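Hi everyone, thanks for coming.

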2 protein chains.
Amino acid sequence: MPRYARYVENGIVHTGVVRHGRVHDIPRDLDILTLLQAPEHERTDILINTGRQQRKPIEDTRLLAPVEPRALRDFVTFEAHIAGMKKGEPGDGSVPEQWYEAPRFLFANPWSVVGTGADIPMPPFTQRLDFELEVAAIVKHTVRDLAIEDAAEHIAGYCIWNDWSARDVQGEEMRVGLGPSKGKDFANTLGPWITTPEELREYRDGDRYDLPMTVSINGEVVGSDNLKNMSWSFEEMLVHASRDAFVGAGDVLGSGTASTGALSESWSRTGQLTPPPLQVGDVVKMEVEGLGEITNRIVETTSPAHTVPRARRTYGPDRL
Amino acid sequence: MPRYARYVENGIVHTGVVRHGRVHDIPRDLDILTLLQAPEHERTDILINTGRQQRKPIEDTRLLAPVEPRALRDFVTFEAHIAGMKKGEPGDGSVPEQWYEAPRFLFANPWSVVGTGADIPMPPFTQRLDFELEVAAIVKHTVRDLAIEDAAEHIAGYCIWNDWSARDVQGEEMRVGLGPSKGKDFANTLGPWITTPEELREYRDGDRYDLPMTVSINGEVVGSDNLKNMSWSFEEMLVHASRDAFVGAGDVLGSGTASTGALSESWSRTGQLTPPPLQVGDVVKMEVEGLGEITNRIVETTSPAHTVPRARRTYGPDRL
């Protein structure tokens with residue numbers, strides 16, 4: 001039954017168990033990753049004991065991102081999303097054959113992780129602020145060269161991921177060929193808590209999860225999909241990421257954007273900026289059955305928006 | 001005068017000062033980042049005290065990577081390198097205009113950092129193993145929205161970075177549009193130690209460093225450039241990275257590959273696989289004046305090379 005959260009009270013970070021709409025405190029010296037790694041019987045003992053600890057309604061709690069990963073790998077596993085995006089990118093509008101061969105990913109900024117309820121300052125350099133509706137798996141132990149039959153036991157649980165994106169900046173950056181940088185490094189919402197695989201057993205469908213997902217702006221649903229439409233399972237993603245490389249305990253693996261789970265997919269399909277880019281005051285809510293919901297509001301930025309000069313030319317016929 | 005290193009002795013990680021070809025031990029409870037952040041007078045006291053500590057010749061020391069960054073941002077600041085690479089990529093062979101506008105970067109795998117002397121297993125999935133000759137800056141404090149006039153004081157020092165790359169895999173991945181993943185996540189050598197900005201004062205030329213760089217395979221020099229050919233300074237890169245986003249203490253900012261600092265630049269310019277891709281047994285050495293040298297040998301892999309199936313199709317005319 002366990003769902004685990006991190007929250008702040010009186011300036012102190014607590015680990016808690018979420019149960020029946022309440023958060024039950026766990027003794028402070030147990031960080032959430034240690035808890036997730038503990039053997040089943042120890043976790044059960046802890047759960048029984050938390051019944052006697054301080055508890056409060058979730059709505060009165062200031063939740064944090066449930067983990068502070070060292071590495072976030074964001075995959076691209078929803079075929080319909082990439083098919084939609086490619087219609088608006090340079091090229092012939094089709095999904096590249098290379099997408100089908102293996103689950104591709106990129107690393108995200110680990111310092112930009114925030115929780116549900118956090119305000120997201122409007123980045124000063126964008127007129128195309130967007131979200132991405134994703135589900136994240138949290139890795140239980142540091143692994144390398146994992147076999148598929150061993151992969152499930154190394155996934156600690158799941159949460160929702162909103163990979164906030166500045167589409168105009170991202171588009172410019174991707175023209176250089178090495179992927180986005182400032183277009184995606186300012187905010188990543190993870191939350192509301194970690195739901196363990198045991199908790200999701202009823203939703204399991206083969207090696208996928210049958211979990212409806214929606215995203216709404218100011219209460220109006222603008223996108224929906226189902227997690228079972230991933231073209232690879234989380235276990236396969238972990239196997240691929242760990243091939244000849246370390247994946248660390250607490251690392252996050254993102255599903256990639258669900259279809260219609262980003263405004264830019266509509267922009268790309270239709271050539272119209274409809275729905276419009278996010279504005280200050282907009283509230284973005286994402287819900288995934290079994291995992292809960294995360295909500296963030298866009299607020300005015302306080303960033304001074306320092307810029308740097310263009311490249312100094314260092315190359316010419318005289319050099320090479 | 002300080003250069004700081006991490007090394008292993010009897011299974012314990014030590015922080016040391018490098019001086020006159022020897023490593024002087026520093027008390028164990030001072031990790032290298034704390035040391036780099038300490039005020040000048042405290043560091044001087046420590047340096048004086050280390051004269052009385054255990055010391056040994058560098059060649060008898062097992063050096064580690066000098067930092068364990070949470071995030072590595074690898075930039076692309078050498079114009080001649082990107083000009084050479086673009087000749088072999090899809091497109092018209094010219095440097096994209098977007099490259100000149102701002103210093104673009106991507107995040108690398110923080111778990112793959114190793115030191116000089118470490119063996120690099122040949123990745124089981126490549127026939128095009130290559131290196132990248134770079135210099136890395138280590139960030140002193142966690143910053144956000146840094147102004148250019150404040151940037152220099154937040155750089156703790158510099159080291160050499162070899163960003164090992166599997167060019168065949170990287171090429172496939174980049175066709176999807178989001179940059180490389182498995183083509184670059186298996187190994188990053190940082191080392192041999194951190195050289196502080198004070199130590200490099202004599203090489204300073206405006207806001208660049210005049211530091212000759214070379215890379216050799218089995219003793220033969222195959223590439224050389226100078227760090228002053230960066231199209232942006234490290235201070236500018238830090239300002240750009242910190243714009244509306246956190247850059248963490250201990251994070252690494254890479255210069256990107258120097259011109260002729262990767263075999264693939266030759267392959268791309270000439271259309272020939274000359275020099276040939278790295279093979280088991282090859283020794284790659286990188287030297288940068290003022291920073292020292294790093295050396296790694298390619299060894300047989302022990303990776304079982306688990307693969308995952310191709311994408312399961314989930315999208316068709318019936319879905320959207």
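One term before we start: I'll call a residue buried when its relative accessible area is under 20%, worked out with a 1.4 Å probe and protein chains only. And please keep in mind that this is a predicted model.

Side chains of opposite charge can pair when their charged atoms come close. Over all chains, we have 40 of these salt bridges.

Let's begin with Glu132(B). With a relative accessible area of 6%, Glu132(B) counts as buried, because the cut-off is 20%. What does Glu132(B) pair with at 2.9 Å? That's Arg167(B), going by the closest N and O atoms. Glu132(B) sits in the loop between β10 and β11, while Arg167(B) is in helix α6, so this pair ties together parts that are 35 residues apart in sequence. Both partners are buried.

Glu132(B) also makes a salt bridge with Lys184(B), and here the closest N and O atoms are 3.1 Å apart. Lys184(B) lies in the loop between α6 and β15, so this time the parts tied together are 52 residues apart in sequence. Lys184(B) is buried as well, at 11%.

Over in chain A, shared partners link up Asp130(A), Glu132(A), Asp163(A), Arg167(A) and Lys184(A) into one network of salt bridges.

Last one, back in chain B: Glu199(B) and Arg3(B), with closest N and O atoms 2.9 Å apart. Glu199(B) is in the loop between β15 and β16 and Arg3(B) is in strand β1, so the pair bridges 196 residues of sequence. Glu199(B) is buried at 18%, whereas Arg3(B) is partly exposed at 22%.

Conventions. Residues numbered from 1 in each chain as written. Chains lettered and ligands numbered in written order. Predicted model: local features only at pLDDT ≥ 70, side-chain atom pairs only at ≥ 80, totals over all residues. Heavy atoms only, no water. Salt bridge = Lys/Arg side-chain N within 4 Å of Asp/Glu carboxyl O. Helix = DSSP H or I, 4+ residues; strand = E, 2+ residues; numbered from the N terminus. Buried < 20%, exposed > 50% of the residue type's maximum accessible area, 1.4 Å probe, protein only.
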